[in-house]
Amino acid sequence: MQTIRTDRARETFLEALRRSCNVSAACRAADISRTAAYAWRNEEASFAEEWADAEGEAIDELEGVAYARAMAGASDRMIEILLKGHRPG
């Protein structure tokens with residue numbers, strides 16, 4: 001059974017993950033351990049789906065930034081590396 005505090009931590013985690021695509025940063029924002037976050041993901045399919053959606057949104061944003069920079073003529077190796085890590089294709 002989830003508590004209000006746990007629900008709040010999960011929502012905070014997912015929102016931070018959506019903004020950063022960084023599990024450690026999302027855990028710090030939610031004041032939970034990485035172990036807890038991964039346990040929730042492994043134990044609950046709905047949380048795993050929300051996690052994947054949050055990561056997807058963050059990667060979409062990163063992809064948009066990379067596209068805008070490419071169109072502006074900028075070459076940013078770090079964005080390339082991050083995108084390849086999340087979307088190898």
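Is R10 buried or exposed? I will come back to that residue after an overview of the chain.

This is a predicted model, in which local features need pLDDT of at least 70, side-chain atom pairs count only at pLDDT 80 or more, and totals for chains, interfaces and linings use all residues. Residues are numbered from 1 along each chain as its sequence is written, and side-chain values use heavy atoms, with hydrogens and water left out.

First, the overview. The chain has 5 helices and 0 strands, and along the sequence they read α-α-α-α-α. Helices here are DSSP runs of H or I with at least four residues, strands are runs of E with at least two, and both are numbered from the N terminus. Along the principal axes, the C-alpha atoms fill a box of roughly 50 × 25 × 15 Å. Of the 89 residues, 26% count as buried. Buried means under 20% relative accessible area, exposed means over 50%, and partly exposed is in between, with a 1.4 Å probe and protein chains only. For contacts, the cut-off is heavy atoms within 4.5 Å. Among contacts between residues at least 6 apart in sequence, 47% join residues at least 24 apart.

Now back to R10. This residue is found in helix α1. R10 counts as buried because its relative accessibility is 8%. Its side chain is joined to that of E44 by a polar contact of 2.8 Å. A polar contact is a pair of N or O atoms within 3.5 Å; within protein, one must be able to donate a hydrogen and the other to accept it, and residues adjacent in sequence count only if both atoms are side-chain atoms.

Next, the cores. A nonpolar core is a set of buried Ala, Val, Leu, Ile, Met, Phe, Trp, Tyr and Cys residues joined through side-chain atoms within 4.5 Å. The largest one has 15 residues, and F13, L17, I32 and W51 have the most contacts inside it. At least two residues of this core come from each of α1 (4–20), α2 (23–30), α3 (34–43) and α4 (45–71). Helix α1 gives the most, with 5 residues. Apart from this core lies another, of 7 residues, including I59, L62, I79 and L83.

What does W51 touch? Not counting residues up to four places away in sequence, W51 touches F13, L14, L17, V23, A37, Y38 and R41.

Let me turn to α2. Its buried residues include V23, A26, C27 and A30. Seen down the axis of α2, the buried residues fall within an arc of 100°, so they line one face of the helix. That arc is taken from the directions from the helix axis to the C-beta atoms. As background, an α-helix has 3.6 residues a turn, so residues three or four places apart point the same way. Helices α1, α3 and α4 are included in what covers the buried residues of α2. The N-terminal end of α2 is capped by N22, with a side-chain oxygen 3.0 Å from the backbone nitrogen of S24.

How do α1 and α2 pack? Their axes come within 8 Å and cross at roughly 145°. Axes are lines fitted to C-alpha atoms, for helices over the stretch in contact, and angles run from 0 to 180 degrees between N-to-C directions. On the α1 side, the contact is made by A9, T12, F13, A16, L17 and S20, and on the α2 side by V23, A25, A26, C27, A29 and A30.

Two loop residues come next. Most residues other than glycine have a negative phi. C21, in the loop between α1 and α2, has a positive phi near 60°. C21 counts as buried because its relative accessibility is 17%. D31 lies in the loop between α2 and α3 and has a positive phi of about 55° although it is not a glycine. D31 counts as exposed because its relative accessibility is 62%. D31 and A9 are 22 residues apart in sequence, and their C-alpha atoms are 7.2 Å apart in space.

Last, E61, which lies in helix α4. With a relative accessible area of 55%, E61 is exposed. E61 and R19 are 42 residues apart in sequence and 8.7 Å apart in space, C-alpha to C-alpha.
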